[in-house]
Amino acid sequence: MDSVMKSHFENLEAKDKSLQLEAFQNIINATKEKVDWAYEVWDQLIGWLTDPDNHRRARAAQFLAGLAISDPDKRMLCDFPALWEVTRDSKFVTARHSLQAIWKVGLAGPEQKELVLTHIIDRFKNGMNEKHYTLIRYDMIVGLKKLYDEDKDEHIREIAMDLIEIEKDSTYRKKYLSAWK
């Protein structure tokens, strides 16, 4: 990892909130492409998934989801349950930010994509007891659309359409479909 990227990770802890935000954005942008420093921060980020600070938990989840494409050892296959757990965080904003990034794991390869799809399908079908489940469902449908846009796998679109059909409320069904327009 070069000194600039190291400074971004250091600046996540800065007192200046604008410096923190800039560092966060720079790291997120870096993880859009494969990087050679993923394993330099991987274990630290795994630890942050259960940190008392909800900002650390959200950041860790978002960074790890992006770093999945830089994971030739396929650590994500073992670490995914810990990452998925943050999508159920007690702080809804943390859970939501994590859920909105989880689709990126599916870009790492077929096994990772299957893992993401399986978890999304299960939660969409069985998560109706969750608080704000319609927002959660919407985030998952948007995530499927983003994964589809990157991957062009028609199976993803079929899954999304099947899930949308499950929704009994036509208002929400329309909202979910709007993510696919």
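Trainee: How many residues in the lining of the second largest pocket are nonpolar, how many polar and how many charged?

Mentor: The lining divides into four nonpolar, two polar and four charged residues. Here Ala, Val, Leu, Ile, Met, Phe, Trp, Tyr, Cys and Pro count as nonpolar, Asp, Glu, Lys and Arg as charged, and the others, Gly among them, as polar. The model is predicted, so local features need pLDDT of at least 70 and side-chain atom pairs pLDDT 80 or more, while totals for chains, interfaces and linings use all residues. Residues are numbered from 1 along each chain as its sequence is written, and side-chain values use heavy atoms, with hydrogens and water left out.

Trainee: Which residues line the second largest pocket, and what is its volume?

Mentor: Rolling a probe the size of a water molecule over the atoms shows where empty space is left. On a 1 Å grid over the protein atoms alone, a pocket is an open set of points with protein on both sides within 12 Å along at least five of seven lines; a cavity is a set where a 1.4 Å probe fits but cannot get out; lining residues have an atom within 4 Å of a point. Points are joined across faces, edges and corners, and the volume is the space filled by probe spheres set on them. The second largest pocket holds about 210 Å³. Its lining is made of Ile-28, Thr-31, Lys-32, Glu-33, Gly-66, Ile-69, Trp-103, Lys-104, Leu-107 and Glu-150.

Trainee: What is the volume of the largest pocket, and which helix gives the most to its lining?

Mentor: The volume is about 360 Å³. Of its 15 lining residues, Gln-20, Phe-24, His-55, Ala-58 and Arg-59 are the closest to the centre. H4 gives the most, five residues; H2 (17-30), H4 (54-67) and H6 each supply at least two. Helices are DSSP runs (H or I, at least four residues), numbered from the N terminus. By class this lining has five nonpolar, six polar and four charged residues.

Trainee: What span does H8 reach, and which helices do its buried residues pack against?

Mentor: H8 (residues 133-151) has 19 residues and reaches 26 Å between its first and last C-alpha, close to the expected 27 Å, the expected span being 1.5 Å times one less than the number of residues. Its buried residues (under 20% relative accessible area; exposed is over 50%, partly exposed in between, 1.4 Å probe, protein chains only) include Ile-136, Asp-139 and Leu-147. They pack against H6 (92-101), H7 (110-126), H9 (154-166) and H10 (170-178).

Trainee: How many salt bridges are there, and which residue pairs with Arg-57?

Mentor: Side chains of opposite charge can pair when their charged atoms come close. A salt bridge is a side-chain nitrogen of Lys or Arg within 4 Å of a carboxyl oxygen of Asp or Glu. The structure holds 13. Arg-57 meets Asp-89 at 2.6 Å, N to O. Arg-57 lies in H4 and Asp-89 in the loop between H5 and H6, so the pair ties together parts 32 residues apart in sequence. Arg-57 is buried, at 10% relative accessibility, and Asp-89 is buried at 13%.

Terms used:
Contact means heavy atoms within 4.5 Å.
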